[in-house]
Amino acid sequence: MNPLVIAVPVVVVLALVLLVAAARRRDTDEATGLLSRETLKRDRGEPAVLAGATRITGREVERSVEVERRGGGAELATVGAADLAPYVPPDPDTLGVTRRQFFNRSIVLLMGLGLSGFGAAVLAFLWPQPKGGFGSKIRVGNVADIKAAVDANDGFYYVAEGRMWITNYPEAAIDKAKAVYPQPVLNSMEAGLAVLYQKCPHLGCRVPDCKTSQWFECPCHGSQYNQAGEKKGGPAPRGMDRFVTEVTGGVLTVDTGTVIQGPPIGTNTTGQEAEGPHCVTGGGGGH
């Protein structure tokens, strides 16, 4: 698992704790107020005693309070009913939150919501996506069924899920192919199929098939490739790229997460020439 999946929530939680702690500290500081350095120094020093007054220690004060609590002190004054002050309900504005506190807490809340949304978006971006589609291993199907699909589509079978073209590859060209292509590419060729990435190696345009010439012809800049994806013309720097393939039990599987560069210019293992008019003209020069 990507370590950012764990690190990002931890950072978000720590940021929220820091914001709440800062807000509480600010509220406390506002309630206490700021004391000058001179005042703090006086508080730490000995209290001043007026001339002629008796200095009373803290223990003496505590002892006198304890004596009064036990009834040894002065008589308690009896307060009559007439002396009772009428009850006045407290002012809600006084007991409630001040305007400054309201704005401070609102800012903290909004920042918390913003960080939470950002963290959720990062998690959604980093969360592993379900397997399948381009970038994963795709089980295309039985080789016999694929060949039938290629024939039914005039020599070209497009698999949108894998962004790939599949064409028939002649058995007679296998010996030449072994001198050019790596084994992961040869696996499908030896089964009679060429698996090609749809992306033009020139500038990345999608390369369509041309039914009349029986080639692939890029409409962007005129690069041309035969049915095996080997370059025949145009500005492309090499043949069409391929994927890692495997055939197990007559079933073709293509790993679209691993792209293998196409063959160099001049490769022509099948010797296939254009079988009719081109769909794109001017493919023999640069763009």
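# Close-up views of a predicted model

View 1. At 25% relative accessibility, Lys232 counts as partly exposed; here buried means under 20% relative accessible area, exposed means over 50%, and partly exposed covers the range in between (1.4 Å probe, protein chains only). A note before we zoom in: this is a predicted model, so local features need pLDDT of at least 70 and side-chain atom pairs count only at pLDDT 80 or more, while totals for chains, interfaces and linings use all residues. Residues are numbered from 1 along each chain as its sequence is written, and side-chain values use heavy atoms, with hydrogens and water left out. Back to our pair: Glu273 and Lys232 form a salt bridge, with their closest N and O atoms 3.6 Å apart (a salt bridge is a side-chain nitrogen of Lys or Arg within 4 Å of a carboxyl oxygen of Asp or Glu).

View 2. A search of the whole structure finds 3 salt bridges. In the one that joins Lys211 to Asp209, the closest N and O atoms are 2.4 Å apart. Lys211 is partly exposed at 39% relative accessibility, whereas Asp209 is buried at 18%. Asp241 and Arg238 bring their side chains together in a salt bridge with an N to O distance of 2.9 Å. Here Asp241 is buried, at 8% relative accessibility, and Arg238 is buried as well, at 17%.

View 3. A disulfide is a covalent bond between the sulfur atoms of two cysteines; the search for them takes pairs of cysteine sulfur atoms within 2.5 Å. Across the whole structure, 2 disulfides turn up. In this view, the sulfur atoms of Cys205 and Cys220 are 2.0 Å apart, and the link is left-handed, with -110 degrees about the S-S bond. Cys205 lies in the loop between β4 (193–197) and β5 (209–210), and Cys220 in the loop between β6 (215–217) and β7 (224–225), so the bond ties together parts that are 15 residues apart in sequence. Cys205 is buried at 18% relative accessibility, while Cys220 is partly exposed at 39%.

**View 4. The disulfide of Cys210 and Cys279.** The S to S distance in this disulfide is 2.0 Å. Its torsion about the S-S bond is about 85 degrees, so the link is right-handed. It connects distant parts of the chain, 69 residues apart: Cys210 belongs to strand β5, and Cys279 to the segment after β10 (251–260). Cys210 is buried, with a relative accessible area of 0%, whereas Cys279 is partly exposed at 48%. With bonded cysteines counted along the chain, the disulfides follow the pattern 1-3, 2-4.

View 5. Cys200 is buried, with 2% relative accessibility, and Cys218 is buried with a relative accessible area of 2%.

**View 6. Thr269 and its surroundings.** Thr269 lies in the segment after β10 and is buried, with a relative accessible area of 6%. Its side chain makes a polar contact of 2.8 Å with the side chain of Tyr169 and another of 2.5 Å with the side chain of Glu230. (A polar contact is a pair of N or O atoms within 3.5 Å; within protein, one must be able to donate a hydrogen and the other to accept it, and residues adjacent in sequence count only if both atoms are side-chain atoms.) Leaving aside neighbours within four places in sequence, the residues in contact with Thr269 include Ala173, Lys176, Ala177, Val180 and Tyr181, where contact means heavy atoms within 4.5 Å.

**View 7. Val10 on helix α1.** Val10 is found in helix α1 (residues 4–32); helices (H or I, at least four residues) and strands (E, at least two) are DSSP runs, numbered from the N terminus. Val10 is partly exposed, with a relative accessible area of 44%. In the protein as a whole, there are 8 helices and 10 strands, and 32% of the 287 residues count as buried.
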